Amino acid sequence: MSMVTMSLTPGSVLSFRQALFVATQRVVNAANNSITTAAETAFAQAQDRVPRVTGALASSGKISNQNTASLLRRTIGYGDSTPNPRTGKATSSYATQVHEIYRASHPNSYKWLELTVRQYGTESYLHDLALSIKAAL
Amino acid sequence: MAFLNDLVAFFATNDVMPAEVTSSDIEREKTYLQYLPAEPNNVWCAKIYDTDVPMLVGKQAGVYRIQVIARNKSHSKVFNDIYKLWQFLINRPELIEDFNGYYVIFDAQNGPIPSGQDDKGNYLYTLNFPVKTKMF
(Lines give C-alpha, C1' and ligand atoms only; values in the text may rest on other atoms or scores of the structure.)
Protein backbone atom coordinates (compact mmCIF):
# COMPACT_ATOMS: atom_id res chain seq x y z
CA MET A 1 0.00 0.00 0.00
CA SER A 2 1.31 3.38 -0.90
CA MET A 3 0.21 6.60 0.59
CA VAL A 4 0.59 10.21 -0.30
CA THR A 5 0.25 12.78 2.38
CA MET A 6 -0.53 16.35 1.50
CA SER A 7 -0.52 19.13 3.98
CA LEU A 8 -2.14 22.42 3.20
CA THR A 9 -1.37 25.44 5.25
CA PRO A 10 -2.46 29.02 4.61
CA GLY A 11 1.13 29.75 3.64
CA SER A 12 1.34 26.90 1.11
CA VAL A 13 -2.00 27.85 -0.47
CA LEU A 14 -0.85 31.44 -0.78
CA SER A 15 2.41 30.31 -2.32
CA PHE A 16 0.55 28.10 -4.82
CA ARG A 17 -1.77 30.94 -5.78
CA GLN A 18 1.19 33.27 -6.27
CA ALA A 19 2.88 30.71 -8.51
CA LEU A 20 -0.32 30.39 -10.56
CA PHE A 21 -0.56 34.16 -10.86
CA VAL A 22 3.04 34.41 -12.07
CA ALA A 23 2.44 31.64 -14.63
CA THR A 24 -0.74 33.34 -15.84
CA GLN A 25 1.09 36.63 -16.26
CA ARG A 26 3.84 34.89 -18.24
CA VAL A 27 1.25 33.40 -20.59
CA VAL A 28 -0.57 36.72 -21.00
CA ASN A 29 2.69 38.58 -21.63
CA ALA A 30 3.83 35.99 -24.15
CA ALA A 31 0.49 36.11 -25.96
CA ASN A 32 0.54 39.90 -25.90
CA ASN A 33 4.03 40.00 -27.42
CA SER A 34 3.06 37.38 -29.97
CA ILE A 35 -0.06 39.21 -31.09
CA THR A 36 1.98 42.40 -31.44
CA THR A 37 4.53 40.58 -33.61
CA ALA A 38 1.74 39.07 -35.73
CA ALA A 39 0.12 42.49 -36.22
CA GLU A 40 3.47 44.09 -37.10
CA THR A 41 4.22 41.33 -39.62
CA ALA A 42 0.81 41.63 -41.27
CA PHE A 43 1.04 45.42 -41.28
CA ALA A 44 4.49 45.37 -42.93
CA GLN A 45 3.09 43.10 -45.67
CA ALA A 46 0.02 45.33 -46.08
CA GLN A 47 2.28 48.35 -46.46
CA ASP A 48 3.97 46.59 -49.38
CA ARG A 49 0.61 46.28 -51.16
CA VAL A 50 -1.19 49.49 -50.27
CA PRO A 51 -1.64 51.70 -53.36
CA ARG A 52 0.71 54.67 -53.37
CA VAL A 53 0.06 57.78 -55.42
CA THR A 54 0.90 60.53 -52.95
CA GLY A 55 1.76 58.19 -50.09
CA ALA A 56 -0.95 59.68 -47.86
CA LEU A 57 -2.94 56.47 -47.59
CA ALA A 58 0.14 54.41 -46.72
CA SER A 59 1.12 57.00 -44.12
CA SER A 60 -2.31 56.78 -42.51
CA GLY A 61 -1.91 53.05 -41.79
CA LYS A 62 -1.45 52.12 -38.18
CA ILE A 63 -1.76 49.34 -35.63
CA SER A 64 -4.02 50.08 -32.66
CA ASN A 65 -3.68 48.27 -29.38
CA GLN A 66 -7.25 47.56 -28.28
CA ASN A 67 -6.58 45.31 -25.32
CA THR A 68 -9.29 45.05 -22.68
CA ALA A 69 -9.16 43.33 -19.30
CA SER A 70 -10.13 40.01 -20.84
CA LEU A 71 -9.11 40.33 -24.47
CA LEU A 72 -5.90 40.85 -26.42
CA ARG A 73 -6.63 42.64 -29.67
CA ARG A 74 -4.77 44.57 -32.34
CA THR A 75 -6.49 46.42 -35.15
CA ILE A 76 -4.77 47.39 -38.38
CA GLY A 77 -6.47 50.32 -40.04
CA TYR A 78 -6.05 52.84 -42.82
CA GLY A 79 -7.52 56.31 -43.14
CA ASP A 80 -7.45 59.25 -40.74
CA SER A 81 -7.84 63.02 -40.81
CA THR A 82 -4.56 63.60 -42.66
CA PRO A 83 -5.37 65.40 -45.93
CA ASN A 84 -4.27 63.99 -49.24
CA PRO A 85 -1.75 66.57 -50.55
CA ARG A 86 -3.22 66.41 -54.05
CA THR A 87 -6.96 66.59 -53.33
CA GLY A 88 -7.14 67.94 -49.81
CA LYS A 89 -9.50 65.12 -48.84
CA ALA A 90 -8.91 63.25 -45.59
CA THR A 91 -7.62 59.73 -46.19
CA SER A 92 -10.54 58.41 -44.11
CA SER A 93 -12.95 59.65 -46.80
CA TYR A 94 -11.55 57.38 -49.51
CA ALA A 95 -9.65 54.56 -47.80
CA THR A 96 -12.65 52.19 -47.81
CA GLN A 97 -13.47 52.81 -51.45
CA VAL A 98 -9.86 52.26 -52.53
CA HIS A 99 -9.79 49.02 -50.55
CA GLU A 100 -13.15 47.72 -51.79
CA ILE A 101 -13.32 48.75 -55.45
CA TYR A 102 -10.97 47.13 -57.95
CA ARG A 103 -8.97 49.60 -60.03
CA ALA A 104 -7.09 48.65 -63.14
CA SER A 105 -4.46 51.27 -62.27
CA HIS A 106 -3.59 49.40 -59.07
CA PRO A 107 -4.58 45.78 -59.72
CA ASN A 108 -2.46 44.34 -56.90
CA SER A 109 -3.82 46.75 -54.35
CA TYR A 110 -7.42 45.56 -54.44
CA LYS A 111 -8.36 44.49 -50.89
CA TRP A 112 -4.73 44.88 -49.90
CA LEU A 113 -5.42 44.60 -46.19
CA GLU A 114 -7.98 41.78 -46.17
CA LEU A 115 -6.00 39.57 -48.51
CA THR A 116 -2.75 40.24 -46.66
CA VAL A 117 -4.22 39.22 -43.33
CA ARG A 118 -5.82 36.13 -44.85
CA GLN A 119 -2.62 35.10 -46.60
CA TYR A 120 -0.59 35.64 -43.44
CA GLY A 121 -2.94 33.04 -42.07
CA THR A 122 -4.65 32.19 -38.85
CA GLU A 123 -2.67 28.96 -38.65
CA SER A 124 0.72 30.68 -38.75
CA TYR A 125 -0.44 33.14 -36.14
CA LEU A 126 -1.69 30.36 -33.87
CA HIS A 127 1.52 28.40 -34.40
CA ASP A 128 3.64 31.39 -33.37
CA LEU A 129 1.34 32.06 -30.43
CA ALA A 130 1.65 28.48 -29.20
CA LEU A 131 5.46 28.61 -29.47
CA SER A 132 5.57 31.86 -27.51
CA ILE A 133 3.40 30.51 -24.72
CA LYS A 134 5.36 27.28 -24.58
CA ALA A 135 8.61 29.20 -24.28
CA ALA A 136 7.19 31.34 -21.49
CA LEU A 137 6.15 28.41 -19.31
CA MET B 1 -18.01 31.47 -64.07
CA ALA B 2 -20.72 28.86 -63.76
CA PHE B 3 -20.88 29.28 -60.01
CA LEU B 4 -21.29 33.04 -60.23
CA ASN B 5 -23.99 32.65 -62.91
CA ASP B 6 -25.87 30.30 -60.61
CA LEU B 7 -25.41 32.53 -57.59
CA VAL B 8 -26.76 35.65 -59.31
CA ALA B 9 -29.65 33.64 -60.77
CA PHE B 10 -30.47 32.35 -57.27
CA PHE B 11 -30.49 35.87 -55.82
CA ALA B 12 -32.55 37.17 -58.74
CA THR B 13 -35.11 34.41 -58.28
CA ASN B 14 -35.40 35.44 -54.65
CA ASP B 15 -35.79 39.09 -55.66
CA VAL B 16 -32.73 40.36 -53.78
CA MET B 17 -30.54 41.21 -56.77
CA PRO B 18 -31.19 42.11 -60.42
CA ALA B 19 -30.66 39.34 -62.94
CA GLU B 20 -27.36 39.00 -64.81
CA VAL B 21 -27.13 41.27 -67.83
CA THR B 22 -26.93 39.53 -71.19
CA SER B 23 -25.66 40.79 -74.51
CA SER B 24 -29.18 41.07 -75.92
CA ASP B 25 -30.52 43.15 -73.01
CA ILE B 26 -31.63 46.67 -73.92
CA GLU B 27 -32.21 47.39 -70.24
CA ARG B 28 -28.63 47.41 -68.92
CA GLU B 29 -29.24 48.33 -65.26
CA LYS B 30 -28.69 44.80 -64.05
CA THR B 31 -25.93 42.68 -62.48
CA TYR B 32 -22.49 42.34 -64.06
CA LEU B 33 -20.12 39.50 -63.33
CA GLN B 34 -16.56 40.12 -62.14
CA TYR B 35 -16.28 43.74 -63.29
CA LEU B 36 -18.05 46.99 -62.54
CA PRO B 37 -18.78 48.78 -65.83
CA ALA B 38 -18.40 52.54 -66.22
CA GLU B 39 -21.99 52.76 -67.53
CA PRO B 40 -24.84 52.72 -66.66
CA ASN B 41 -24.92 54.30 -63.23
CA ASN B 42 -27.41 52.06 -61.46
CA VAL B 43 -25.90 48.59 -61.56
CA TRP B 44 -24.74 45.69 -59.43
CA CYS B 45 -21.55 43.69 -59.71
CA ALA B 46 -20.91 40.22 -58.31
CA LYS B 47 -17.41 38.86 -58.27
CA ILE B 48 -15.32 36.05 -56.87
CA TYR B 49 -12.27 37.72 -55.37
CA ASP B 50 -10.66 34.86 -53.49
CA THR B 51 -11.06 31.13 -53.01
CA ASP B 52 -10.11 28.45 -50.52
CA VAL B 53 -9.59 25.18 -52.32
CA PRO B 54 -11.18 22.02 -50.94
CA MET B 55 -9.19 20.15 -48.29
CA LEU B 56 -9.72 16.89 -46.50
CA VAL B 57 -10.33 18.62 -43.18
CA GLY B 58 -12.98 20.72 -44.86
CA LYS B 59 -14.88 17.62 -46.00
CA GLN B 60 -13.85 18.39 -49.57
CA ALA B 61 -15.82 21.61 -49.59
CA GLY B 62 -14.26 24.79 -50.86
CA VAL B 63 -15.00 28.46 -50.32
CA TYR B 64 -15.71 31.19 -52.80
CA ARG B 65 -15.29 34.66 -51.36
CA ILE B 66 -17.91 36.83 -52.99
CA GLN B 67 -18.03 40.58 -53.26
CA VAL B 68 -21.24 42.29 -54.30
CA ILE B 69 -21.08 45.96 -55.28
CA ALA B 70 -24.26 48.02 -55.62
CA ARG B 71 -24.03 51.43 -57.29
CA ASN B 72 -26.85 53.91 -57.63
CA LYS B 73 -27.54 57.63 -57.98
CA SER B 74 -29.93 57.34 -55.04
CA HIS B 75 -28.41 56.69 -51.65
CA SER B 76 -31.64 55.42 -50.11
CA LYS B 77 -32.20 53.07 -53.06
CA VAL B 78 -28.72 51.54 -52.95
CA PHE B 79 -28.73 51.25 -49.17
CA ASN B 80 -32.15 49.59 -49.05
CA ASP B 81 -31.24 47.20 -51.87
CA ILE B 82 -27.96 46.00 -50.38
CA TYR B 83 -29.52 45.80 -46.93
CA LYS B 84 -32.24 43.56 -48.37
CA LEU B 85 -29.62 41.21 -49.81
CA TRP B 86 -27.74 41.13 -46.51
CA GLN B 87 -30.91 40.32 -44.59
CA PHE B 88 -31.63 37.54 -47.03
CA LEU B 89 -28.16 36.10 -46.43
CA ILE B 90 -28.28 36.21 -42.66
CA ASN B 91 -31.71 34.59 -42.70
CA ARG B 92 -30.40 31.70 -44.80
CA PRO B 93 -27.43 30.41 -42.74
CA GLU B 94 -28.43 26.81 -43.29
CA LEU B 95 -27.31 24.37 -45.93
CA ILE B 96 -29.09 25.04 -49.22
CA GLU B 97 -29.08 21.73 -51.04
CA ASP B 98 -31.09 22.51 -54.14
CA PHE B 99 -28.50 24.84 -55.61
CA ASN B 100 -28.30 23.59 -59.16
CA GLY B 101 -27.04 20.16 -58.17
CA TYR B 102 -24.71 21.10 -55.36
CA TYR B 103 -25.00 22.73 -51.97
CA VAL B 104 -24.01 26.10 -50.61
CA ILE B 105 -23.81 27.70 -47.20
CA PHE B 106 -23.85 31.49 -46.99
CA ASP B 107 -21.75 32.92 -44.18
CA ALA B 108 -22.41 36.66 -44.12
CA GLN B 109 -20.16 37.71 -41.26
CA ASN B 110 -20.27 41.45 -41.90
CA GLY B 111 -22.89 43.89 -43.04
CA PRO B 112 -22.86 46.22 -46.04
CA ILE B 113 -19.89 48.57 -46.24
CA PRO B 114 -20.55 52.17 -47.32
CA SER B 115 -17.84 52.84 -49.89
CA GLY B 116 -18.46 56.50 -50.62
CA GLN B 117 -19.29 58.09 -53.95
CA ASP B 118 -17.61 57.67 -57.31
CA ASP B 119 -16.56 60.49 -59.63
CA LYS B 120 -20.12 60.78 -61.00
CA GLY B 121 -21.68 61.10 -57.57
CA ASN B 122 -23.05 57.56 -57.49
CA TYR B 123 -23.26 55.92 -54.09
CA LEU B 124 -21.40 52.66 -53.63
CA TYR B 125 -22.00 49.88 -51.14
CA THR B 126 -20.16 46.59 -50.97
CA LEU B 127 -21.05 43.35 -49.26
CA ASN B 128 -18.48 40.60 -48.81
CA PHE B 129 -19.33 37.07 -47.79
CA PRO B 130 -17.85 33.60 -48.13
CA VAL B 131 -19.92 30.85 -49.69
CA LYS B 132 -18.98 27.32 -48.73
CA THR B 133 -19.81 24.85 -51.46
CA LYS B 134 -19.12 21.38 -52.72
CA MET B 135 -19.38 22.32 -56.35
CA PHE B 136 -15.59 22.22 -56.87
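## A hairpin in chain B

Strands E4 and E5 of chain B form a hairpin with 2 residues between them, and Asn100(B) in the turn has a positive phi of about 55°. Helices (H or I, at least four residues) and strands (E, at least two) are DSSP runs, numbered from the N terminus. E4(B) covers residues 96-99 and E5(B) covers residues 102-106; the two run antiparallel and are joined by 2 bridges. Two strands pair if DSSP finds at least two bridges between them.

The model is predicted: local features need pLDDT of at least 70 and side-chain atom pairs count only at pLDDT 80 or more, while totals for chains, interfaces and linings use all residues. Residues are numbered from 1 along each chain as its sequence is written, and chains are lettered from A and ligands numbered from 1 in the order in which they are written.

## Ile96 of chain B

Ile96(B) is found in strand E4 of chain B and stands opposite Val104(B) in E5(B). Leaving aside its neighbours within four places in sequence, Ile96(B) is in contact with Tyr103(B) and Val104(B). Two residues are in contact if their C-beta atoms, placed from the backbone, lie within 7 Å. Ile96(B) and Phe106(B) are 10 residues apart in sequence, and their C-alpha atoms are 8.6 Å apart in space.

Ile96(B) counts as partly exposed because it has 15 C-beta neighbours inside 10 Å. A residue is buried if 20 or more other C-beta atoms lie within 10 Å of its own, exposed if 12 or fewer, and partly exposed in between; the C-beta atoms are placed from the backbone.

## A second hairpin in chain B

Strand E6(B), residues 113-117, pairs with E7(B) in the antiparallel sense over 3 bridges. In this pair, Ile113(B) stands opposite Thr126(B) in E7(B). E6(B) and E7(B) form a hairpin with 5 residues between them, and Gly121(B) in the turn has a positive phi of about 90°.

## The nonpolar cores

The largest nonpolar core has 26 residues, of which Trp44(B), Ala46(B), Val68(B), Ala70(B), Leu85(B) and Tyr125(B) touch the most other members. The elements of chain B that give two or more residues to this core are helix H1 (2-13), strand E2 (43-52), strand E3 (62-72), helix H2 (75-90), E5 and strand E7 (123-133). A second, separate core of 13 residues includes Val50(A), Ala56(A), Tyr78(A) and Ala95(A). A nonpolar core is a set of buried Ala, Val, Leu, Ile, Met, Phe, Trp, Tyr and Cys residues joined through C-beta atoms within 7 Å. In soluble globular proteins, nonpolar side chains tend to be buried together.

Beyond its neighbours within four places in sequence, Tyr125(B) is in contact with Ala70(B), Val78(B), Phe79(B), Ile82(B), Pro112(B), Ile113(B), Pro114(B) and Ser115(B).

## Two helices of chain A

Helix H1(A), residues 10-49, and helix H5(A), residues 122-136, pack at an angle of about 145°, with their axes 8 Å apart. Axes are lines fitted to C-alpha atoms, for helices over the stretch in contact, and angles run from 0 to 180 degrees between N-to-C directions. By class, the contact of H1(A) with H5(A) has 9 nonpolar, 5 polar and 2 charged residues. Ala, Val, Leu, Ile, Met, Phe, Trp, Tyr, Cys and Pro count as nonpolar, Asp, Glu, Lys and Arg as charged, and the others, Gly among them, as polar.

Ala39(A) also has its place in helix H1 of chain A. With 20 C-beta neighbours inside 10 Å, Ala39(A) counts as buried. Setting aside neighbours within four places in sequence, Ala39(A) is in contact with Ile63(A), Arg74(A) and Ile76(A). Ala39(A) and Val117(A) are 78 residues apart in sequence but 8.9 Å apart in space, C-alpha to C-alpha.

## Backbone details in the loops

The loop between E1 and E2 of chain B contains Gln34(B), which has a positive phi of about 70° although it is not a glycine. Pro40(B) is found in the loop between strand E1 (31-33) and E2 of chain B, and the peptide bond from Glu39(B) to Pro40(B) is cis, with omega near -10°.

In chain A, Lys111(A) is found in the loop between H3 and helix H4 (112-120). Phi of Lys111(A) is near 55°, a positive value in a residue other than glycine.

## Where the chains meet

In all, 8 residues of chain A are in contact with 8 residues of chain B. Helix H3(A), residues 95-100, gives the most to the side of chain A that touches chain B, with 3 residues. The residues of that side divide into 3 nonpolar, 3 polar and 2 charged.
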